Amino acid sequence: MNTNIFRSMSYGVYIISTMDEGRATGCTANSAMQITSSPATIAISINHDNYTNECIKKCGCFSISILAEDSDASLIGKFGFQSGRDNHKFMDVDFRIVKDMPIINDSCGYIVCRVIDTMETSTHTVFLGEVIDAEVFKEGRNPMTYAYYHNVIKGKSPKNAPTYLPEDEEESKGKNKFKCEICGYVYEGEELPKDFKCPICGQGAEQFKKIS
């Protein structure tokens, strides 16, 4: 079976947010899709190991902030490579509250949903949400796709993500690796772009050291 075909499917890059007993929390996700238009219904997929999964189940609502190609890349790492169980991910993040849900301001816009059903798989929960609010922040910003994240930002999927493929580890063999000396994130490629920013801590290329 050639699982690389999955990369031909369309994915976005989103921050899925909810509330944790009055504290905003969330995670990076790439699986969100519109199911129906009337009433507007959205489905998202969140790994069982993600703290956000537990919080959505308790809260009963979630929001989707749709990241743009020019959104601060550090948002992806901040929400995707650390746990909300141990970290206040929204600290120092520009956000607002809409319908009691946290929304990332540095995004194309948002969708707020009330959970109306769930489906459990072996690794993920699929949350079905009825849309209760939505807005576009600024016309003209290009929504970030997973292909853009993978090919331009050179990001990798965490193992909790639906798009994670074991083949990614094979692909990395023989490539140059540059490690962020602040947070430990590893960039793979021929050369590290001079304007590169770490997607986890936001540090510039000057904080990276070639390790192979």
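Author: Two residues are in contact, or touch, when they have heavy atoms within 4.5 Å of each other. The model is predicted, so local features need pLDDT of at least 70 and side-chain atom pairs count only at pLDDT 80 or more, while totals for chains, interfaces and linings use all residues. Residues are numbered from 1 along each chain as its sequence is written, and side-chain values use heavy atoms, with hydrogens and water left out.

A few terms come first. Helices (H or I, at least four residues) and strands (E, at least two) are DSSP runs, numbered from the N terminus. By this count the protein has four helices and twelve strands. A residue is buried under 20% relative accessible area, exposed over 50%, and partly exposed in between, with a 1.4 Å probe and protein chains only. Of the 212 residues in the protein, 44% are buried. Of the contacts between residues at least 6 apart in sequence, 62% join residues at least 24 apart.

Two strands count as paired if DSSP finds at least two bridges between them. Seven strands make an open sheet in the order β2-β1-β5-β8-β9-β4-β3, and the pairing is antiparallel. β2 (23-29) and β3 (32-37) each have a single partner strand, so they stand at the edges and one side of each lacks a neighbour in the sheet. From one strand to the next, the twist averages 35 degrees; axes are lines fitted to C-alpha atoms, for helices over the stretch in contact, and angles run from 0 to 180 degrees between N-to-C directions.

Begin at the β2 end of the sheet. Strand β1 (residues 14-20) runs antiparallel to β2, and seven bridges join the two.

Which residues of α1 are buried? They are Y51, T52, N53, C55 and I56. These buried residues pack against β1, β2, β4, β5, β8 and β9. After α1 comes G60, which has a positive phi, near 85 degrees.

Next in the chain is β5, where five of the six residues are buried, so that the strand is mostly covered. β5 has β1 as an antiparallel partner, over four bridges, and I16 has I64 of β5 as its bridge partner. With β8, β5 forms six bridges, again in the antiparallel sense; here F62 has C113 of β8 as its bridge partner.

Now consider the side chains. A nonpolar core is a set of buried Ala, Val, Leu, Ile, Met, Phe, Trp, Tyr and Cys residues joined through side-chain atoms within 4.5 Å. The largest one has 21 residues, and F79 and I104 touch the most other members. Two or more residues of this core come from each of β1, α2 (74-80), β7, β8 and α3 (146-151). F79 itself touches I15, G26, C27, T28, K89, F90, V93 and I104, leaving aside residues up to four places away in sequence.

The structure holds zero disulfides. For C27, the nearest cysteine sulfur belongs to C55, 9.7 Å away.

N105 sits between β7 (101-104) and β8 and is buried, at 18% relative accessible area. Leaving aside residues up to four places away in sequence, N105 touches D94, F95, R96 and F137. With R96, the side chain of N105 makes a side-chain polar contact at 2.5 Å, where a polar contact is a pair of N or O atoms within 3.5 Å; within protein, one atom must be able to donate a hydrogen and the other to accept it, and residues adjacent in sequence count only if both atoms are side-chain atoms.

Notes
A disulfide is a pair of cysteine sulfur atoms within 2.5 Å.
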